Structures are given as C-alpha cells and as structure tokens.
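Here is a short briefing to read with the structure open beside you.

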Amino acid sequence: MREGQPSRTAQTVAFARAIESLQPREQRLFEDPYATRFLDGDGLWVLSLLRRTAYRRTVLYCIEQIGPGLLPYATARTAFIDEALATALGRGVSQVVILGAGYDTRALRTPNIETAVVYEIDHPDTQAFKRARLGADIEPLEERVRFVGIDFDRQDLGERLRSAGFRFDVPSFVIWEGVTQYIHEQAVDETLRTLAMMSRGSEVVFTYVDRALIEGTRSFPGGKRLLLAVRLFGEPFRFGLAPTETADFLRERGFTLLEDMGGDDLSARYFAPLNRTDRATDTERVALARMAETQG
Ligand SMILES: C[S@@+](CC[C@H](N)C(=O)[O-])C[C@H]1O[C@@H](n2cnc3c(N)ncnc32)[C@H](O)[C@@H]1O
C-alpha cells in the first residue's frame, strides 16, 4: 500500500467484477452493480469498449494476454465466496467480517445480508475512497455495515474488531479475499490466531498465492509479469503457501480445511457448466476453512 493512496489492486478486482457484470444474464456468474463506481478513466474506457460487440472479443483477448487466467480467477473466486457466504447466511450467521474489503460490495448486493452485521476491515485510505464512491448508497446502512480502519502489519485485529462491537462468542463468517499475499507472514499468522478465538461453527474463506510463484520455483504463464505489476502498484506479494501444506498450516492455527480450489477446479466448477472457455490461473487459490471442533 502506498501511504495516503487507496489500493490499486482493489481497483483491478472491481474491474474484473465490472467485466463479469457485462456478461449476458444466462452466462454470468454474478452481477456487481456497484463495481464501476471504483473505476477511473482507463478502466471505464475499456468497459465502454467491452460493451460494443465488435470490440468485445479483441479486448478480452488483450486482457488475457496481459494477465493469463487472472480475470477468470478473480471472477470464479468471487462466485465461490458469494456461494459460501450465501450458505453461511442460510445457516443463520449474524456477523460477517470482510478483511481487506477493498471494493467488495457484498454488504450491498448479497441477498439476505441485512440479517447480519457486516464488519468491513481495511486500510483507512482504501476505505475513504470506497465510502466517497458509494456515497448515498452506504450512508443509510451505517448501523449494519461497520467500517473499521486497520493496518494489518501494525495493528491488532482483535482489538479493532472488539472496538467496533464484534462478538467473538457468536458464529461468524469471515471473508479474506485477495489480501494474504500483500501482508507479512507474521500478520497472516496473527490474523488466523485472532480469528481462532471466534465461536465454534465460524468459517473463514480466504485466498492465497502459491508460494512457488513468489519463490520462483515454478513457472506460471504470466507469473513474472504479475509479480512486476503488483510491485509497480506499490503492493508487492509477500506471503504465499504451498498448496500441499495449507491443511497443516490451518490445523496448527485452529482451523479445518474444507475446500481448496486451484485454477482448474474453479474453471471446472464455474465455467464448464456454462460452456465458457475461461481458464483461471493457478497462481492463486481460494480456500474455505472451519473452526476446528476442539475450539470454541
Ligand atoms: C487486492 S485488494 C482485495 C480487495 C477485496 N478483498 C476484493 O477482493 O475485492 C487488497 C486489499 O487489501 C488491503 N490491504 C493491503 N495491505 C493492507 C494492510 N497492510 N492493512 C490493511 N489493509 C491492507 C487493501 O487496502 C485492499 O483493499
């Protein structure tokens, strides 16, 4: 994160959601009607091209060349998390925590989300930009959508959550999407240990980068370009996990891994049934974990 500036990478995810929202209704995985609000000149210009049938294929081809599999990955992970959140709300969770919320608009666009209090935790610079862009749409929701500023690398998540009224003794659902790679290992560790204080039945859905990308021990299509791009954004990748170690990593911190989806899994689950040829990258994964039974 660059001091005093909202997250650029959060804008790229909003861009991906805006693109998916332009898909024909029967082909799209979700609709995020707010995503375009967080875009500026270049992003809005590309979207305007995508709206024109004559340019659409070419623009999508160019996006794929710049970041192979990144757009499908961002799209499919959003769908995965939307589903997990819907299931949790269906179970009756009354607290939803969105860590590093960026321009995630689930607090506004998820059916039945009003049955829960949403805690949006993020860097104050990103939050200020988000609130300004959502304007009148977010103001009436202040009671059930609580914005909590934090620097994950410097501040205590437990203290910040408690100060906003979060209850650790109530089952909760935590979304930690597109964040772990940007913070230090110690902050990832401390965050999970704080979340492990939540009540039994709580779940965490999170994404992570394959450590082999950061360490350069495996070659991924477009991998080097991706590392360079995030560095230029001032948000370099810092943390990653080896997929073979994820279950142990979570177990040691009080969680049981329920699902861990790589690019192929996501493509098979979300794009194949719609006869879409999108292929999600394997550089990142999305995982769902539940508080281990011994906790709580
Ligand atoms: C790639 S964006 C993901 C945003 C959102 N979760 C999504 O998927 O649309 C990364 C988010 O992490 C936040 N972030 C990165 N480093 C942070 C830090 N040290 N403290 C607080 N937030 C941080 C940024 O503000 C940004 O919103």
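A nitrogen atom of the ligand sits 2.7 Å from a polar backbone atom of Glu177. Taken alone, the ligand exposes 590 Å², and the protein buries 97% of that. Please keep in mind that this is a predicted model.

**Around the ligand**

- The ligand is surrounded by 22 residues, and the closest are Arg17, Gly100, Asp122, Thr126 and Glu177.
- Sorted by class, this shell holds nine nonpolar, seven polar and six charged residues.
- Which helix gives the most to the shell around the ligand? That is helix H1 (residues 8–20), with four residues.
- On the oxygen side, a backbone N or O atom of Gly102 is 3.3 Å from an oxygen atom of the ligand.

**The sheet**

- Seven strands form an open sheet with mixed pairing, and their order is E3-E2-E1-E4-E5-E7-E6.
- Strand E3 (145–149) and strand E6 (255–261) are the edge strands, each pairing on one side only.
- On average, neighbouring strands of this sheet are turned by 20° against each other, direction ignored.
- In which sense do strand E4 (residues 172–176) and strand E5 (residues 203–209) pair? Their pairing is parallel and runs over four bridges.
- Within this part of the sheet, look for Val174, which stands opposite Val204 in E5.

**Helices packed on the sheet**

- Helix H8 (residues 185–195) packs on the sheet and touches strand E1 (95–99), E4, E5, E6 and strand E7 (284–291). The direction of H8 makes about 170° with that of E4.
- Helix H12 (residues 263–271) also packs on the sheet, where its contacts are with E6 and E7. Here the helix direction makes about 70° with that of E6.

**Two asparagines to look at**

- Asn112 has a positive phi of about 70° although it is not a glycine. You will find Asn112 in the loop between helix H5 (106–109) and strand E2 (117–122).
- Asn275 is not a glycine either, yet its phi is positive, at about 55°. Where is Asn275 placed? Look in the loop between H12 and E7.

Technical notes
Residues are numbered from 1 along each chain as its sequence is written. This is a predicted model: local features need pLDDT of at least 70, side-chain atom pairs count only at pLDDT 80 or more; totals for chains, interfaces and linings use all residues. Side-chain values use heavy atoms; hydrogens and water are left out. A residue is near a molecule or strand if one of its heavy atoms lies within 4 Å of it. A polar contact is a pair of N or O atoms within 3.5 Å; within protein, one must be able to donate a hydrogen and the other to accept it, and residues adjacent in sequence count only if both atoms are side-chain atoms. Accessible areas come from the Shrake-Rupley method with a 1.4 Å probe; for residues, only the protein chains shown count as cover. Ala, Val, Leu, Ile, Met, Phe, Trp, Tyr, Cys and Pro count as nonpolar, Asp, Glu, Lys and Arg as charged, and the others, Gly among them, as polar. Two strands pair if DSSP finds at least two bridges between them. Axes are lines fitted to C-alpha atoms, for helices over the stretch in contact, and angles run from 0 to 180 degrees between N-to-C directions. Contact means heavy atoms within 4.5 Å.
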